[in-house]
Amino acid sequence: MNHEGSCHCGAICIAIEDDPVDASECNCSICRRTGALWTYRSPRQVAITGVATGYVQGDATLTLWHCATCGVTTHWSPKDPDYDRMGINLRLFDPTVWETLPRRFIDGASW
Ligand SMILES: [Zn+2]
């Protein structure tokens, strides 16, 4: 089933095609601040509309994107174009899509 989510002001919309099976919560220095719940996809399986603002932490290998208007964290993308994986913040979607999913805890703080 196709799901569509957006940031709070609606400037950025993200669509995914299949149902997420779990929701990942990470304790790294950025994720613990944003409170994002992640699902992961190949960038080819994700449609994003609107212009997001990127943030790269130090020598990090990914860009974390947010809406410049409402501030909501929307997704992350790899800086390496050959890395076939990105993260989408499930909190952009209707809670029925993600609230009952099993949570996966990612110990990003230890990496
Ligand atoms: Zn917004």
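Buried, in these notes, means under 20% relative accessible area. I'm working from a predicted model.

I started with the metal. I checked the angles next. For reference, the ideal for four tetrahedral donors is 109.5 degrees.

Are Cys7 and Cys67 buried or exposed? I find both of them buried.

**Strands 6, 7 and 8**

Strand 6 (residues 53-55) pairs with strand 7 in the antiparallel sense, over three bridges. Strand 7 is also joined to strand 8, again antiparallel, by five bridges.

On one side, Thr53 stands opposite His66; in strand 8, the bridge partner of His66 is Thr73.

Which residue takes a positive phi in the hairpin of strand 6 and strand 7? I noted Gly58, with phi near 45°, in a hairpin with six residues between the strands. The hairpin of strand 7 and strand 8 also has six residues between its strands, and there Gly71 takes a positive phi near 85°.

Thr63 has 10% relative accessibility, so I count it as buried. Beyond its neighbours within four places in sequence, Thr63 is in contact with Gly54, Tyr55, Val56, His75, Trp76, Ser77 and Lys79.

**The 1-2-5 sheet**

Next I went to the open sheet of three strands, which has the order 1-2-5 and antiparallel pairing. Strand 1 and strand 5 (46-49) are the edges, each pairing on one side only. The twist averages 15° from one strand to the next.

Between strand 1 and strand 2 I have four bridges, in the antiparallel sense. One pair I jotted down is Glu4 with its bridge partner Ala15 in strand 2.

Ile14 is in strand 2 too. How much relative accessible area does Ile14 have? The value is 0%, so Ile14 is buried. I listed its contacts, leaving out neighbours within four places in sequence: His3, Glu4, Gly5, Val46, Ala47, Ile48, Thr74, His75, Ile88, Leu92 and Phe93. I also took a distance to Cys28: 14 residues from Ile14 in sequence and 23 Å away in space, C-alpha to C-alpha.

**Ser24**

Last stop was Ser24, in strand 3 (residues 23-26). Ser24 has a relative accessible area of 0%, which means that it is buried. Which side chain makes a polar contact with the side chain of Ser24? I found Arg104, at 3.3 Å. Arg104 turns up in the contact list as well: not counting residues up to four places away in sequence, Ser24 touches Ala36, Leu37, Trp38, Tyr40, Arg104 and Ile106.

Conventions
Residues numbered from 1 in each chain as written. Predicted model: local features only at pLDDT ≥ 70, side-chain atom pairs only at ≥ 80, totals over all residues. Heavy atoms only, no water. Buried < 20%, exposed > 50% of the residue type's maximum accessible area, 1.4 Å probe, protein only. Pairing = 2+ DSSP bridges. Helix = DSSP H or I, 4+ residues; strand = E, 2+ residues; numbered from the N terminus. Axes fitted to C-alpha atoms, helices over the stretch in contact; angles between N-to-C directions. Contact = heavy atoms within 4.5 Å. Polar contact = N/O pair within 3.5 Å; in protein donor to acceptor, adjacent residues only side chain to side chain.
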